[in-house]
Amino acid sequence: MENAKHLKHNRSKCSVITLHNAGGVGKTTSEIALIEACFHRGIEPAIYSGDKNHTELVRVYGEKAHNFDVRTNPSAFINALESPNKLTAIDTPSAFVDIWSETLGDVDTVLSTHEMVDDMPFYMIPIATPDKCIKAVNRIASLFSGAQGDYRIIYVLNEGLMSTNGVKESLLQEFFSNKAVIANLESGRATTLRIETKFTSKFSDIM
């Protein structure tokens with residue numbers, strides 16, 4: 001099953017934050033796709049990269065992008081949420097799910113911070129490989145289990161990467177039969193977004 005719309009919210013702005021516990025699944029690709037869609041619609045997002053080891057957003061967007069390391073400077077992540085822009089895009093390290101608790105603390109504390117600055121968090125979870133991504137879906141469900149604060153999820157189905165890896169049909173079947181995915185889609189907390197984008201190493205070389 002799929003749904004097309006999230007539950008409505010009345011906050012004045014939102015942040016879109018990549019969330020995963022593995023690399024090589026297209027987190028930054030998904031964030032760039034989002035940012036470009038914003039520019040195309042005349043929206044100026046605030047752009048942040050929370051991983052000092054990956055500077056793709058800085059290479060692509062120059063001075064428009066701000067770089068910090070959430071692992072050593074979690075307050076910079078919180079400060080980014082105070083941006084006055086209607087939308088804030090935040091890319092995160094590969095192991096962000098695994099380091100969440102030690103860097104940001106309790107999930108509900110973070111969700112309360114979003115609420116205090118009138119921001120709705122949208123956690124963007126790339127789905128591109130069966131081994132890493134299904135594990136991430138379950139790990140994220142565990143992390144947010146029991147959370148009382150409000151949030152949304154965007155499952156980004158990168159069919160370009162799936163097709164390249166030859167796993168599209170089987171991965172989509174496994175994804176849409178996942179209990180956490182079904183629950184989030186049925187509640188309206190989550191939605192799916194299909195993209196065909198796959199940035200190659202040559203793309204990074206020219207930026």
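A salt bridge here is a side-chain nitrogen of Lys or Arg within 4 Å of a carboxyl oxygen of Asp or Glu. Keep that cut-off in mind as we walk through this predicted model, where the rule gives a count of seven salt bridges.

Let's start with R71. Its side chain meets that of D69 in a salt bridge, at 2.9 Å from N to O. R71 also forms a salt bridge with D51, this one at 2.5 Å from N to O. Taken together, D51, D69 and R71 are linked in a network of salt bridges.

Another of the salt bridges joins the side chains of D150 and R152, at 2.6 Å from N to O. In this pair, D150 counts as partly exposed because its relative accessibility is 29%, whereas R152, at 2%, counts as buried.

Now turn to a charged residue without such a partner. D119 is in strand β5, which covers residues 119-127. D119 is buried yet has no salt bridge. Which side chain of opposite charge is nearest to D119, and how far away is it? That side chain is K13, 5.4 Å away, and a salt bridge needs a distance within 4 Å. D119 does have a polar contact, however: its side chain is joined to that of H114 at 2.7 Å. Leaving aside neighbours within four places in sequence, the residues in contact with D119 are R11, K13, C14, S15, L81 and H114.

Helix α4 (residues 96-104) packs with helix α6 (residues 130-143) at an angle of about 20°, and their axes are 10 Å apart. Angles under 35 degrees count as roughly parallel, so α4 and α6 are roughly parallel to each other. On the α4 side, the contact is made by V97, D98, W100 and S101; on the α6 side, by R139, I140 and L143.

Finally, look at helix α1 (residues 27-40), which holds T29. T29 counts as buried because its relative accessibility is 13%. In sequence, T29 and I195 are 166 residues apart, yet their C-alpha atoms are 10.0 Å apart in space.

Terms used:
Residues are numbered from 1 along each chain as its sequence is written. This is a predicted model: local features need pLDDT of at least 70, side-chain atom pairs count only at pLDDT 80 or more; totals for chains, interfaces and linings use all residues. Side-chain values use heavy atoms; hydrogens and water are left out. Helices (H or I, at least four residues) and strands (E, at least two) are DSSP runs, numbered from the N terminus. Buried means under 20% relative accessible area, exposed over 50%, partly exposed in between (1.4 Å probe, protein chains only). Lys and Arg count as positive and Asp and Glu as negative; His and the chain ends are not counted. A polar contact is a pair of N or O atoms within 3.5 Å; within protein, one must be able to donate a hydrogen and the other to accept it, and residues adjacent in sequence count only if both atoms are side-chain atoms. Contact means heavy atoms within 4.5 Å. Axes are lines fitted to C-alpha atoms, for helices over the stretch in contact, and angles run from 0 to 180 degrees between N-to-C directions. Angles under 35 degrees count as roughly parallel, over 145 as roughly antiparallel, 65 to 115 as roughly perpendicular and the rest as oblique.
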